[in-house]
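Open the model in your viewer and keep the selection tool at hand. We will go from a whole chain to an interface, then to one residue.

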Amino acid sequence: MIQQKICLLGSFSVGKTSLIRRYVDSLFSEKYLTTVGVKIDKKYQKVDDKEYTLMLWDIAGEDDFTSIRTAYLRGMAGYIIVIDPTRPHSYDTALSIHDMVKSNAGALPAVFALNKADLKQSWQLDPPRYQHLHQLGHPVVETSAKQGQGVDDMFLQLLQQRENSHG
Amino acid sequence: MQGTPDIAQLRHLLFGKDYDALLALKSQIENTEQYSASVASVITEALAKRESQDGTISTVLAPTIEHALTHAIKSNPKHIADVLYPVMGPAIRKSIQQALNEALAHFNQLLEQSLSLRSWKWRFDAWRTGQSYAQIALLRTLIYQVEQVFLIHRETGLLLHHIVSENVISKDPAIISGMFTAIQDFIQDSFAVEGDSNLDTLRLGELTVLIEHGPQAVLALVVRGCVPSELRTLLAETSETVHQQYAPILKAYQGQNADFIGIDPLLHDCLVKKHKIKEKRQPWLAYLLLITIACALSWWAYQYQQTQAQLAEEALQAKQAIIEQLQQQQTQQAALQASLQTLLDKQQQQTAQQAKQITDNANTIATLTKQIESTTHTFEKAKATITPDQPDIIALSKQIVALLQAAQQADNILQIMILGNADTSGTDDINQHIAQQRAENLRDALIKSGIPAFVLVAYGSNQPGIPATLQKNERSIHYRVSLY
């Protein structure tokens with residue numbers, strides 16, 4: 001059993017919390033997100049023969065007025081940045097978060113999650129942006145909190161990056 | 001260092017004898033045998049000195065000794081068993097003794113809980129506040145108790161190890177550990193002015209969280225009750241020991257918690273608690289109950305013995321009573337036998353008397369019969385008259401009365417035949433008639449004098465059927481007595 005700290009990042013109301021809610025063991029209510037700015041959940045994940053306990057730090061979303069407390073990022077093994085493609089602004093925020101994390105914590109395994117895949121017709125992500133995202137060198141996973149799509153895949157992709165870097 | 005001979009000479013000139021000493025020292029270090037010999041001469045003293053200085057030797061050696069012991073036990077368990085044999089017996093005895101003492105103490109505690117006034121008060125409090133009795137009892141008796149120990153990786157906030165004391169319910173410690181770290185970061189971010197200050201105490205009602213920040217790990221104790229100052233010291237010491245023993249593992253930590261399994265005993269030392277009531281009290285209540293049981297048993301035994309004794313006495317008395325009764329009966333029987341004997345004697349006497357009477361009676365009868373049969377009554381010629389008051393008639397009637405009495409006593413019926421005779425002068429008819437007349441007249445005279453008529457029959461003697469011996473040629477009467 002290996003324990004890992006994973007951070008969940010993204011703009012406000014991109015659906016981070018909704019995305020993982022059904023897949024984790026929870027102890028605290030969501031009010032912590034708005035008060036302390038973070039809520040911690042636990043998820044078991046098996047990759048190949050290895051068992052992982054992921055401590056998920058669901059960190060309050062960033063917007064123009066609030067910024068992520070960088071102290072919460074300390075010691076994480078990887079991160080997931082959630083984007084809501086129906087709101088293009090969340091894409092810009094995601095990129096700025098990604099830059100901020102890289103400068104703070106260095107190069108770490110990361111996954112971009114394009115959430116709300118059930119509303120794909122409303123996506124407003126133009127091809128150049130989409131392409132740019134793929135060129136960043138991290139997996140891009142389409143997810144849907146509503147349909148429970150891509151959540152496990154998202155975690156698997158993240159852990160596989162770790163495996164590859166260690167292996 | 002040797003260089004050319006010239007340089008060596010130059011060195012000799014410069015350093016003199018010190019150079020030789022230096023060379024000797026060098027060769028000593030390079031030669032493994034010599035070096036180990038020189039270290040061997042001081043190693044014990046060195047170890048003792050270091051141990052007395054900071055006590056780190058035992059901490060450092062502990063894992064090695066553990067490994068060595070494990071290896072020794074695995075490779076040759078019999079030898080270890082032989083070595084341990086002398087200490088096993090006493091240890092087991094001590095353990096049994098302790099278990100018994102604990103059982104007694106536990107029993108006493110149970111009694112106290114169910115009997116003491118204080119426990120009833122606590123029960124009332126529990127009922128009033130809706131808490132469980134155990135919680136109330138714990139709160140009332142506890143000064144403090146360390147309920148949980150968290151060892152948290154400082155960098156990641158991941159839980160390295162967690163232990164919890166008995167009867168304490170803990171929520172998911174991994175999540176708590178993360179949130180705990182997050183809150184610390186939050187507080188530090190929000191309030192700290194100096195860069196290096198850390199959150200070291202949290203307080204919530206009766207709960208206090210003591211936090212010790214080490215370089216790689218954070219140790220946190222969750223304490224219920226009043227926190228004594230020595231707990232803080234214990235926490236700091238434990239944190240130091242953890243860092244000493246696990247420094248390389250902590251530095252290289254990549255999420256492998258299995259590396260920290262061996263830390264359990266070390267953290268368990270932090271699970272201290274202190275009660276208000278000293279545990280070392282004599283278990284009086286248990287003693288009291290045991291004594292009561294003993295008393296009750298002896299009282300019962302005494303009662304039983306008493307009852308048995310009483311029963312035995314009663315049996316003896318009954319036996320005596322029976323014996324007495326028996327004796328009485330025997331006496332009565334003897335008396336009865338005596339009276340029976342008397343009666344028998346009397347009966348014999350009576351029988352004898354009766355026999356005598358009968359004999360007498362028979363004699364009387366015989367005498368009287370003889371007297372009567374020998375009596376005759378003579379008449380004048382051709383006369384048959386008799387007067388009852390003639391003396392011989394009176395005498396005869398008296399004799400007949402006496403004979404009748406005697407015959408009645410002998411249960412015989414008496415019949416007296418009166419035979420009338422006549423002399424041969426005159427005719428036979430006249431004679432016969434006169435003889436008959438004479439007999440009948442006498443009978444009448446006797447009846448008149450009081451003799452019952454059924455005793456007397458009168459016949460003329462010359463009648464046919466009368467024996468010839470009774471026929472006399474005289475003017476007389478004769479008598480024949482018959483008894484039936």
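Select chain B and show its surface. Its accessible surface comes to about 32,400 Å², and carbon and sulfur atoms account for 59% of that. Accessible areas here follow the Shrake-Rupley method with a 1.4 Å probe, and for residues only the protein chains shown count as cover.

Two notes before you click on. This is a predicted model, where local features need pLDDT of at least 70 and side-chain atom pairs count only at pLDDT 80 or more, while totals for chains, interfaces and linings use all residues. Residues are numbered from 1 along each chain as its sequence is written, chains are lettered from A and ligands numbered from 1 in the order in which they are written, and side-chain values use heavy atoms, without hydrogens and water.

You will find 13 helices and ten strands. Helices (H or I, at least four residues) and strands (E, at least two) are DSSP runs, numbered from the N terminus. Of the 484 residues in chain B, 28% are buried. Buried means under 20% relative accessible area, with a 1.4 Å probe and protein chains only.

Next, select Thr369(B). It is found in helix 11 (residues 284-374) of chain B. Is Thr369(B) buried or exposed (over 50% relative accessible area)? Thr369(B) counts as buried because its relative accessible area is 13%. Thr369(B) is in contact with both, leaving aside its neighbours within four places in sequence. Contact means heavy atoms within 4.5 Å.

Move to the interface and show both chains. Here 25 residues of chain A are in contact with 24 residues of chain B. The area buried between the two chains is about 2,100 Å². Buried area is the accessible area (1.4 Å probe) that two parts lose on being put together, summed over both. Pick out Gln3(A), Leu27(A) and Arg74(A). In chain A, these three lose the most area to chain B, together 29% of what that side buries.

Zoom in on Asp172(B) and Lys42(A). Their side chains meet in a salt bridge (2.6 Å, N to O). A salt bridge is a side-chain nitrogen of Lys or Arg within 4 Å of a carboxyl oxygen of Asp or Glu. The rule finds two salt bridges across this interface.

Last stop: colour chain A by element. Among the elements that give two or more residues to the side touching chain B are strand 1 (2-10) and helix 5 (151-166) of chain A. Strand 3 of chain A gives the largest share, five residues.
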